[in-house]
Amino acid sequence: MKLRNVKASFAAGSATAPALISHLVVLLGLGAACAPLNDEMVVSGVPTRVSVREQAPGSDCAHGGQRIEAGIDENLNGLLDPAELDQVRYVCNGAPGSAGDSGPSGVTALVSVVAEAAGANCALGGNELSSGLDSDGSGQLDEAEITSVQYVCNGQPGAGGSSALVRVEAAPSEACPAGGQRVLSGSDADGNGELSSTEVTSSVVICDGEAGSNGQDGQDATSALVRQELEGMGDDCPWGGTAIHVGLDTDHNLSLDDAEITSTTYVCNGADGVDSAFRLSPASGECENGGTVVEAGLDIDRDSQLDEDEVRVSRTLCNGADGGVGFQSLVRVSNQAPGVECAAGGKKLESGIDTSRDGDLTIEEVSHVAYLCHGVDGAAGSDGHDALVSVSDELPGTNCAAGGKKLQSGIDTSGNGTLEPGEVTATELICNGSNGTNGSNGFTALVTISAEPAGEQCSAGGKKIENGLDLDRSASLEPGEVSTTNYVCNGVDGTNGTNGTNGTNGTNGTNGLTSLVNVSNELPGEACALGGQKIEVGRDLDGNLSLDEGEVEQTRFVCNNGGFLLRADNEDPGFYCAFGGVKLETGMDLDSDEVLDAEEVLHTEYVCNQNRADVFIPLSAEFIAAGQGTSCAISAGETYCWGMGGEHIFATKAPLGFAGVAEVEGVQALDLGQSSSCFVREGRVWCWGFNGFGQLGNELAGISSSVPVEAGSFTDATAVSTGVSHTCAVAGGKAYCWGFNISGQLGDNTTTQRLTPVEVSGLTNVTAISAGINHTCAISNGSPFCWGSNVNGQLGDESKTQREAPVSVTGLAGVTQIRAGSASSCALTTEGTVHCWGSNAHGQLGNGGSPSESTVPLSVSGLLEVTQLAHRQDHVCAISGGQLYCWGQNGNGQLGDGTNTKRNSPVVVPGLSDVTAFSVSGTHSCAIDEGIAKCWGQNGSGQLGIGAFGGNHFSPQPVRLFSDFAL
């Protein structure tokens, strides 16, 4: 239906028709299947509009680029209006390269292999495999350069037993263009002391970094361009649409020529539907002062006219009576969602008299309501799914050496308006040109401010200020980089007054003085050759909340070193500083405007006021999890984490929102492991952390991630468990595992490493799973099964034979919970009793300490009516009667009984009276007692959440939500 036909209908109407144009133009949107209203091109079906325009440099594209907007032209005006936008994507230009000096040679990756004596790491000895980058170019892997340590352990001796061997050789050039090493490992099957090709079971390639090349001239940087064209009906788009061409502007003419196109994606219109149509005719006797009859319906015979048998709705719009006080009739048309009124959706037509004379039809003025419903499409005329385009950043790696953009396209078969992984039909990469490595930059000056406990340096506590140069360019001030250390001490509270002769108490001493920090610009000169920041610290002696000249106790300078800036702002009392303080931000002045912009901030510290040293708010929680160096809790739908945890991204001393781990609402299960962690949300599994053995399950072994990546393609997962180097999950009543598999811990009848989930053999109706170090256990049909390493009998099948597939645990049935530790396992039965088997070196079997190991389950002494069980590495905890009992390894105080003595039988954790949830890691434990989160054990990474790093705590400590310490 073209616009000129609508004009003709108006001309054929009564003399009052022009007066109704303002109302009737809205009716052009009555049919959701109308064609575009223009004279140049008419395509049946709702048109998909795509708009591509230049994007100025800013927050969306730092160096400019293209903005791609897509949506449905609902009002058929031939334009994509703001309200019609469904998707906005950006294709950004790469940063212009600058002419830099030749970069240094790439840092060489090194591997060190030394013999490992029999002990905790390898029961029968083996090899310690250390790897890292030769940062100092000495050709040797120094201890400070080691980034990863793994152990290849000898197998259990016996008939035909084989030793584990490791061989390091040069990596093939096709795998490492700049050279590198390949580490081969396996068992010495022929006993000749050499690892032959047939004996190799695992191969890892560690590549040297490539030497940098000169940077390209910034004026020759190549921009990514996008060009769109109308696509006629054909093979690519049966109903027409838009072709989106993408490429690089190699001739720098700011136009994407045909020869520069590297990929083309099509955004196609939906299939042809039946157009809506309407007609106007003069009103007869229904209107005292004349009017217009509006008839609307579906143009079933497609003759661009509304015939009598096609009319679905007929309404008469009467003119108001002549006179100065007549009221205007108004019509409002809105979209009607599919439902009772219109099965397939349509338009809602409301009309009435504007009695308020405000030109707006209010709800009270509506006198007639009618619905113009879309016809239900027949089987052959169903609407096609929308085509979607997704543009995302491509990180530097195998696909794009210098990063770039990943353009994915496909059909929205789910109809949710989002291009999901299973809907992607085409993927194109637009890679940035590789800039040469710049010459060595000057080192950044860093300042670290941390809490100083009461002691030798500050009798009443205070702040420790360390500064130095970031020699390793890690954006973090390491201990070896600290050049000066100063302390800003809190004032000592006055002592209480003595009682007077009349027996009344003396007045309390005054509160300690507030520490203040004043930061100002320092011009280039004697203090700072390139200028910088002047930091003055002292105590607010006069209580005016301003650091006056006479109150300055120490002055330090943070000098610029090639564009370094520092910004200080007042921090109001709240989450980061309970009593307010100062927020310090440092970073590099990338745009040289002498202002530290938000995107230039590299490090943030808080210097908090300390009015009272005994004030904090305990964290109320419903769920808690403990991992290696990390803890997390869920409180009122919000997730909090604290500690560091190896490869984890958390580095705060008190709870902070789940930084970097997006969309954690609705978490079904969460497990924090020793080197990686996972959670289940909406049936899908997400993992993050170390990925040296593929334990993240995303096909990218060796590429760790500080943000969650999806493991496999689950849609119905209910549980997840992380081991040291492998991960397992329960989905659809089946068990799945992935990662390292040297001991058969994946349970798929092999010892082959898996980068994506594989089904565990022979298990059905699985309700729980637990991954240990080199073995795994699960509950299938109410019975316990285990598989993997069995050196200490941890599989519970009356043997010490390694199993690559599940075997039944002897003598146990009716199991509700099962947990796998380092070399032992435990289970909880429906009768409320706990049974453990495997190694008993630390008393983890809980039966008094004898025997040293067991290949069958043994009852834990003195525990009845147990409701929950947890086991990680070498200690175990359980809830009985609302109290928490623990036993096993206690070197860091992880049993919480006030000592660091290991326990061969369960001991109660003092100070807890109503435990509802708990979790354990190898060196610390956490619980929820009377609704409050509490942790104890090792605190080297701040994993106890008490507002400080370091030390062991042998009894439960409340986790602090607001702390008097700086974060």
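A residue counts as buried when its relative accessible area is under 20%. Cys687, in this predicted model, has a relative accessible area of 0% and is therefore buried. Its partner is Cys678, to which a disulfide joins it, and Cys678 also counts as buried, at 0% relative accessibility.

A disulfide is a covalent bond between the sulfur atoms of two cysteines. The whole structure holds 6 disulfides, and the table describes some of them, including their S to S distances and the angles about their S-S bonds.

| Disulfide | S to S distance | Angle about the S-S bond |
|---|---|---|
| Cys678 and Cys687 | 2.0 Å | 105° |
| Cys826 and Cys836 | 2.0 Å | 110° |
| Cys926 and Cys935 | 2.1 Å | about 110° |

The link of Cys826 and Cys836 is right-handed. Cys826 lies in strand E49 (residues 824-829) and Cys836 in strand E50 (residues 834-839), so this pair ties together parts that are 10 residues apart in sequence. Both Cys826 and Cys836 are buried. In the pair of Cys926 and Cys935, Cys926 is buried with a relative accessible area of 1%, while Cys935 counts as buried at 0% relative accessibility.

Turning to the strands, E37 (residues 676-681) and E38 (residues 684-689) run antiparallel and are joined by 6 bridges, with Arg681 having Arg684 in E38 as its bridge partner. In the hairpin of E37 and E38, 2 residues lie between the strands, and Glu682 takes a positive phi near 55°. Strand E38 also pairs in the antiparallel sense with strand E39 (residues 705-710) over 3 bridges, where Trp686 has Glu710 in E39 as its bridge partner.

Notes
Residues are numbered from 1 along each chain as its sequence is written. This is a predicted model: local features need pLDDT of at least 70, side-chain atom pairs count only at pLDDT 80 or more; totals for chains, interfaces and linings use all residues. Side-chain values use heavy atoms; hydrogens and water are left out. Two strands pair if DSSP finds at least two bridges between them. Helices (H or I, at least four residues) and strands (E, at least two) are DSSP runs, numbered from the N terminus. A disulfide is a pair of cysteine sulfur atoms within 2.5 Å. Buried means under 20% relative accessible area, exposed over 50%, partly exposed in between (1.4 Å probe, protein chains only).
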